[in-house]
Amino acid sequence: MSRPSAPARNRGVIVAGAFALVIALPLVAMLWLSTAPPAPAPRAPTFVLKGLDGSTVESARLTGKPFGVFFGFTNCPVVCPTTMTELSGWLADLGEAGRDLKFYFVTLDPARDTPEKLRDYLENFSPRLVGLTGTAEEIDAAAKAFSVYYKKVPTSSGYTLDHTALIFLIDAQGRWRGVLDYNLSRSAALERLRALLAAAPP
Amino acid sequence: MQRILPIVFAAALAGSAQAADVQIGGLTIHDPSAKQSPKGADVGAAFMVIDNRGNADRLVAATADNADHVEIHEMAITDGVMKMREMPGGLDIPAGGKVELKPGSYHLMLMGLKQPIAAGATIKGTLTFERAGKVAVDFVTPPAAAK
């Protein structure tokens with residue numbers, strides 16, 4: 001057998017070189033990524049809604065203190081009261097450390113959830129839970145901004161709402177800090193809330 | 001996946017104040033309970049476990065004396081979204097099967113509450129099954145949650 005011709009040898013070198021690149025590039029990329037500073041948290045969406053006293057509440061004016069937002073309705077039999085009860089417990093657990101932390105309960109059902117009804121409802125929970133309402137359009141805009149899904153579903157006696165059941169976390173500089181999802185364990189929730197409080201003090 | 005365990009755990013905790021089991025035909029209703037409802041809410045939820053030693057049956061109606069009426073619902077949370085549907089045809093109880101009405105799943109929805117469901121309260125109600133008929137139950141609300 002004759003030795004491989006020059007073009008064949010060259011092809012071998014090219015293949016080996018390409019192979020090395022394929023292996024090496026991701027490695028280099030991984031190393032670079034692992035040493036690069038973490039990407040800054042993106043800006044959280046904003047809302048303009050109404051407080052239960054009729055005043056305008058703009059999320060852009062809330063910066064300086066971290067907060068959370070939950071979209072729900074008072075005629076929600078399980079998920080909303082469970083979420084609010086758990087959240088109230090976590091806030092109690094945080095104690096003094098969480099004194100600046102507020103959570104906004106935005107009604108997705110302004111037709112039935114009057115400010116009086118929301119006030120009564122939220123009295124059941126931590127005083128750091130604040131009710132927000134607005135016109136259907138204002139609430140819809142806020143829900144869209146947060147990618148909150150909600151949909152009216154008829155029942156034999158009226159209607160209920162399907163809706164996103166996440167608590168959105170926003171830090172003191174108005175940046176996203178993740179969510180608290182339904183049925184999160186107490187320890188995981190407290191960890192996320194402490195991280196939220198620790199994120200870049202104002 | 002991670003959502004299942006806490007639900008089971010919560011259900012186990014909620015089971016600390018239990019109502020008496022109720023039997024009708026081949027059906028045994030374990031631990032009928034109602035969730036404490038916040039003041040201001042017009043709706044509540046009730047749960048139980050239905051054990052069927054007999055033929056296939058179906059829960060078709062329910063009443064609770066503190067509610068205008070009661071609907072049978074199913075609920076699920078998928079990708080952070082809670083979805084709830086009325087089951088107008090009722091809830092199938094398969095022969096030899098067991099059906100759990102629990103948070104995050106099937107439940108009775110108490111509509112038009114006449115007053116909030118207080119911790120430790122007992123609510124008188126009825127369940128109607130297609131075959132077994134109607135039976136009285138006491139929905140017991142656990143005492144104030146020890147959180």
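Strands here are DSSP runs of at least two residues, helices (H or I) are runs of at least four, and both are numbered from the N terminus. Two strands count as paired if DSSP finds at least two bridges between them. Within E6(B), Met82(B) is the bridge partner of His163(A).

Before going on, this is a predicted model, in which local features need pLDDT of at least 70 and side-chain atom pairs count only at pLDDT 80 or more, while totals for chains, interfaces and linings use all residues. Residues are numbered from 1 along each chain as its sequence is written, chains are lettered from A and ligands numbered from 1 in the order in which they are written, and side-chain values use heavy atoms, with hydrogens and water left out.

Now the interface as a whole. Contact, meaning heavy atoms within 4.5 Å, involves 31 residues of chain B and 32 residues of chain A. The two chains bury about 2,600 Å² between them, 59% of it on carbon and sulfur atoms. On the chain B side, the residues losing the most area to chain A are Pro38(B), Lys39(B) and Met82(B), together 21% of what that side buries. Buried area is the accessible area, with a 1.4 Å probe, that two parts lose on being put together, summed over both.

What about salt bridges, that is, a side-chain nitrogen of Lys or Arg within 4 Å of a carboxyl oxygen of Asp or Glu? There are four between chain B and chain A. One of them joins Lys117(A) to Asp42(B), with the closest N and O atoms 3.2 Å apart.

Which elements of chain B give two or more residues to the side that touches chain A? They are helix H1 (4-14) and strands E3 (43-52), E5 (67-78), E6 (81-86) and E9 (107-113). E6(B) supplies the largest share, six residues.

Turning to chain A, an open sheet of seven strands runs in the order E2-E1-E5-E4-E3-E8-E9, with mixed pairing. Its edge strands, each pairing on one side only, are E2 (56-58) and E9 (176-180). Inside that order, E4(A), residues 102-107, and E5(A), residues 129-133, run parallel and are joined by four bridges. Phe103(A) has Leu129(A) as its bridge partner in E5(A).
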